[in-house]
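Reader: I have a structure open on my screen and would like to learn how to read it. Could you take me through it, feature by feature?

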Amino acid sequence: MDLARTDLIGMARAGDGEAFRMLTEPHHRELQVHCYRMLGSFQDAEDALQDTLLSAWRGLEGFDGRSSLRTWLYRIATNRCLSTLRSAKRQAAKEWDVPGIEPPEPTRLGEVVWLQPFPDALLDGAMDAPPGPEARYEQTEAVSLAFVTALQLLPPRQVAVLVLRDVLGYPASEVAEMLDTTVESVKSALKRARSSLRAQQTGRAGGAEHEPPPAAGSAAEDAIVARFVRAYESADVDALVTLLTDDVFMSMPPLPLEYEGLDVVARFCADIFGAGRRFELVPTRANGQPAFGAYLRTADGVRHGAGVLVLTLAGDRISALIRFENTLFPAFGLPRTLP
């Protein structure tokens with residue numbers, strides 16, 4: 001541990017809040033993303049981060065320097081998230097409440113109704129620290145909505161082990177120490193978690209392979225996004241359908257309704273647009289993916305924020321469209337209404 005870090009720790013232990021901030025602030029973003037991966041909820045991740053920092057402040061005397069401060073903070077954050085996951089106090093499913101529209105019968109009812117997107121603006125600097133050599137996932141893949149959703153279907157301990165080992169690349173011995181368990185237990189949980197993730201990938205759409213998405217900010221991504229905006233804002237269902245994969249997936253957390261397949265998703269969009277609902281889209285980004293604030297046009301000319309739409313791209317097509325509530329507009333820097 002370098003001298004400056006030692007001095008700051010001594011000052012923080014003596015009650016210097018600014019010294020504590022200087023010690024921990026470089027890790028805030030990555031810890032928040034870590035909590036988000038484990039919890040699947042932006043708001044829960046914010047709460048877990050604040051709880052982590054409070055626990056670290058109160059428990060700084062217990063930091064003995066055997067591990068890095070970063071690893072110590074990850075240990076605290078991971079265990080805070082495990083407490084949240086085990087408490088079962090997650091957001092409850094909501095019922096369909098759009099007047100005058102009856103949605104099609106869903107393909108299935110979703111289990112992860114607390115899922116929320118993560119603003120790309122907060123990813124800056126969050127993944128600067130390179131993962132350990134044993135990491136198996138690219139950092140961008142490991143924050144995608146598909147990956148975060150898949151994690152939510154695992155038991156809490158398996159979530160923690162898989163993220164610490166396969167995303168962050170911590171060795172099994174350090175993970176065992178973080179979780180107060182044995183290396184053998186870590187290896188067993190990791191094996192089960194990997195198997196469950198493979199089964200999820202195989203089960204969805206019969207394991208159909210998609211093309212990789214175009215690079216963020218590329219001309220290819222811009223082109224498909226522009227076509228989507230034109231189709232959606234003009235309520236052109238036929239044009240929208242040409243952009244979707246055959247196994248396109250749609251969901252609307254915290255509504256449990258999930259739709260999979262071109263026909264049923266097209267029918268859902270036709271029902272929405274057929275009821276006269278028209279939207280204006282304001283671009284943003286979430287989870288490394290194209291996203292929009294969707295604003296409902298009203299007779300008085302004011303456009304009211306209706307929700308956040310996040311697209312998953314596959315080549316030059318859209319393989320998933322997920323709509324979230326408008327409560328997250330402030331996190332994305334989106335206004336509640338447009339004049």
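Author: Let's begin with a cysteine: Cys-35 counts as buried because its relative accessibility is 1%, where buried means under 20% relative accessible area, exposed over 50% and partly exposed in between, with a 1.4 Å probe and protein chains only. Cys-81 is in no disulfide, and its nearest cysteine sulfur, that of Cys-35, is 3.6 Å away. Cys-81 counts as buried too, at 0% relative accessibility. Do keep in mind that this is a predicted model, where local features need pLDDT of at least 70, side-chain atom pairs count only at pLDDT 80 or more, and totals for chains, interfaces and linings use all residues. Residues are numbered from 1 along each chain as its sequence is written, and side-chain values use heavy atoms, with hydrogens and water left out.

Reader: Now strands. How do I read the pairing of β4 and β5?

Author: Helices (H or I, at least four residues) and strands (E, at least two) are DSSP runs, numbered from the N terminus. Two strands pair if DSSP finds at least two bridges between them. Here β4 (residues 279-286) and β5 pair in the antiparallel sense over 8 bridges, with Val-282 opposite Gly-293 of β5. They form a hairpin with 2 residues between them, and Asn-287 in the turn has a positive phi of about 55 degrees.

Reader: Which strand lies across from Leu-296?

Author: That is β6, where His-304 is the bridge partner of Leu-296. Strands β5 and β6 (residues 303-314) pair in the antiparallel sense over 7 bridges. Their hairpin has 5 residues between the strands, and Gly-301 in the turn has a positive phi of about 90 degrees. As for β5 itself (residues 289-297), 8 of its 9 residues are buried.

Reader: How many aromatic pairs are there, and how do I read one?

Author: Rings of Phe, Tyr and Trp (its six-membered ring) pair if their centres lie within 6.5 Å; planes under 30 degrees apart count as stacked, over 60 as edge-to-face and the rest as tilted. The structure holds 13 aromatic pairs. For Phe-228 and Tyr-232, the centres are 5.3 Å apart and the planes are at 35 degrees, so the pair is tilted. Both lie in helix α10 (residues 219-233), 4 residues apart, about one turn of the helix, and both are buried. Phe-228 and Tyr-232 also form one aromatic cluster with Phe-273, Phe-279 and Phe-292.

Key. A disulfide is a pair of cysteine sulfur atoms within 2.5 Å.
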